[in-house]
Amino acid sequence: MTDLEMTTRPLGFWKSAGVIARGEIRDLVVRPGMYLFVPLILFQTLQTTLFAIGPFDSRILLTPGAVAGRQLNTLNLLICFLLLFYTVESLHRERSRRMHEIFAATPVGTGAVLLGKTLGNSVMAGFILLAALIADAAVILYQQVVGGSPVGFDLFPFVAMWGAVLIPTFIFWTALITALFSLLRNRYAVYGIGIGLIIYTVFQVLTGEGLTWVNNWLGWGALSWSDMGAFTLHGTPLLLNRLLYLSLVPLLVALSVKWFGRQDFDAVGIIHRLRPKPLLLGGLRLLPLALPAIVLASILAVGGERGYQGEAAEEWGEDYWERNTATWTDFRMPSVSRVDLDLDFEPSERSVAVKGEYTFFNHRDVPYDRFPITAGPWDPIDWTVGGEPYDPEDRSNLFIFTPDAPLEPGDTLTIGFEYDLVFMEGMSQGPGGAGQFILESGIVLTAFGPTFVPVPGYLPGIGVDEDNSAEPRDYPDDFYEGETEPAFGWGGAPFTVRTRITTPEAFTANGVGQLVSSEVADGRRTVVWETDHPVSLFNVIAGKYAVIEGDGTAIYHHPEHDYNIEEMSAALDAARQYYSEWFYPFPWDLLKISEFPAYAGYAQGFPTNITFSEAIGFLAKSDPVSHVAFMVVAHEAAHQWWGNLLVPGDGPGGNILSEGMAHYATMLLHEQVYGDRYRMEFGKRIESRYGDIRFVDSERPLVKTDGSRSGDGTVTYDKGGWVMWMLQQEMGRDNILAGLRAFIGKYNPDPDFPVLQDMLAVLRGFAPDTAAFEAFTDQWFHDVVVPEYEFEDVTKTLEPAAGTGADTWVVRGTIRNVGSGEMTVEVVATAGERWSDEGDDAERSVVAEGYRDARTEVTLGAGLSVEFEIRAGFEPERVLVDPDVLVLQLNRDAAVFDF
């Protein structure tokens, strides 16, 4: 008996719905589209994971949380498209088969019909999720069994993320499409509205405009997964958002049942249904169903507007800028000599009680009759000057202090403050990450801005948006002469910091310096950190950590994130040892890394207290040609020297002394610890990145790069590090390291903060050939050049031996520089693979048995070509340029000729 015949008999509601659902499932199974679109969705979903890129273009460890999180948006979008198509086709099926009159006459309730069709299509969505889950489990287990990964499969992240976000979306979306079809009874109109709604929502996501918790029906980006606590950042608004759209389902179901006509269109009937009185009465009857959604939407809208991203937060920044930018921009502050803080955290409330003092020291040669301090919108703030209560002028949170007597050169003044604050108070307006936070999953706070402590001086970046932004500053060529202000930090000189931190007992809190005390009482842990050498900036981080200790180093990490800990600890030990030898003795007692939840994906090298997102390093995947966790640690550890001991100046070329020099240090450390192979691989990675994302038309010389143009990032990091590596080849390793030690020694500390020109002035005195040094720096620091090499007419011939000698292979050809700049490079003919991957050799730079090469040198200027000849006692298999990766160039992979 067919399902249709069965529906001619009176059946119960649920049995009728089940019969129709089974029919829908059987229809889906035989549809060709299922066997096309479902595999495509799975392929697209898996490739977002299998080919996911981490730091330095590396692969990431496929943990269950990382996999489920990366696939969330892809599954959401693609399944919604598929549900749109199959829901509409299911509702239209009887009419397309010309059976709608018979079907409409069956004794089955409209609600059961719609529910049955919905259940049938839901099976398709559930099948895709189940297939994706099985595929993900297989990938993770394969990674564990075959790849030796320490990561096992865990079902919870998939249930938590997919269950919290995807299932409510699919339920709401199916109900919405059903209601639209019931109203319009035209599948093409429903397709247009549905596709338009999806496109509009994705457009809002891509442009970053207007996507709030109220209108984010798709749940796009609603959950940032962290193994340290997935729901602590946006748990409340996410829950309300999902409840909002689930609460609309009963209303949509009622409308669908009401509008789903089982008769043909009647124009007169439609006119009668649109009369004001029936519409009003119908709306009043449906109002109770709409009331929960109205309440939830109101809570989200009001909560977002009153929260930390709302209008009030924007207004204080705008007022701060408007009242102060004309008066206080370019005001030069006295320096801070001491910071003393007492912080009492309640992570469950996102709050901290702050009490502290700043001791100001006038290091300049002019007196101060007043100076400003920037505070956040914390009310009230109790201020003191010299221990006595003080009421400064409040210019929209820029507080102006006017001492009884001017602060003369060499004098000091202590300003105290006390207040309570809730960080990220209330709800956010929409989904997204956070760079700083106080949460039950962790605490990350920095003193760059007034997030938890006041910041000396006026901060010109606060309150600036597209309406009042200005063109970047135009610096004269000699801007660095005289005293240059620091690019970041708190002004004129390093200072000491004492940080007393109280947290719940389960937390471990880290500050800058060394730990001088730790005690637990009444379920609260109190630690005191003090700097044993002055610093230029400070931060606070806390979490529920395990710790691994090294040689004067420590790594505080989530207990489950021990995948790369040994490699990271070894890298931190090596960085402390060798950077101290190469650049400047490490002056602090302990160098540590602390992990924080992946609500942001950055790492920052604060003095002694480096912070790492769990998404960087901890979840990186090393491979046979790179040690990614080592790379990240080496770079961030280098900021203890390049950025902390040596604070760069504010101006073009300044940040290259921080980020570019950290990349250069990373190349040196790779060479020292793992050998040439791994140094070369790191060099090729950042070289490729530079070639791929540079903006040729807007790129400026290194000494003029200030971060204001597109492409300045890769110039600062990648090209900056590479050019320093090439300068080492020009000067010699010992000479450049001696020069860099002298450079840091000269400017640590110094009231004049250096930029690239200052460094080159010091290094020039250590160059064995000053003319060659100036020729190199002229083209690589003061000009924009990048070579690019191509082979032409390459041949190899065997020349018979004369007399008793051996036969010789001769390689001849032409090499052309189609790029810019003039460099001397090696051209090499090789046979065999260069590096060995046998056994332990994969962890070291070991030349493979049987590898042979023969070399020659050529010097090429821009647009020039030169013929070369290489004579070898073996048959060459290929010819390549710059085999030891010593010269920055474009399209390195193309500068290879295979015979």
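From strand S20, the residues Leu591, Ile593 and Glu595 point one way while Lys592, Ser594 and Phe596 point the other way, and all are buried, where buried means under 20% relative accessible area, exposed over 50% and partly exposed in between, with a 1.4 Å probe and protein chains only. In a regular strand, side chains alternate between the two faces of the sheet. Because six of the six residues of S20 (residues 591-596) are buried, this strand is largely enclosed by the rest of the structure. Strands (E, at least two residues) and helices (H or I, at least four) are DSSP runs numbered from the N terminus.

This is a predicted model, in which local features need pLDDT of at least 70 and side-chain atom pairs count only at pLDDT 80 or more, whereas totals for chains, interfaces and linings use all residues. Residues are numbered from 1 along each chain as its sequence is written, and side-chain values use heavy atoms, with hydrogens and water left out.

The strand pairings (two strands pair if DSSP finds at least two bridges between them) are listed here.

| Strands | Sense | Bridges | A bridge pair |
|---|---|---|---|
| S19 (residues 553-557) and S20 | parallel | four | Tyr556 and Ser594 |
| S2 (residues 335-346) and S3 (residues 351-361) | antiparallel | eleven | Arg338 and Thr359 |

S2 and S3 form a hairpin with four residues between them, and Arg350 in the turn has a positive phi of about 55 degrees.

Asn609 lies in strand S22 (residues 609-613) and counts as buried because its relative accessibility is 0%. Leaving aside neighbours within four places in sequence, the contacts of Asn609 (heavy atoms within 4.5 Å) include Lys592 and Ser594, as well as Asn510 and Gln604.

Leu291 lies in helix H11 (residues 276-306) and counts as partly exposed because its relative accessibility is 47%.
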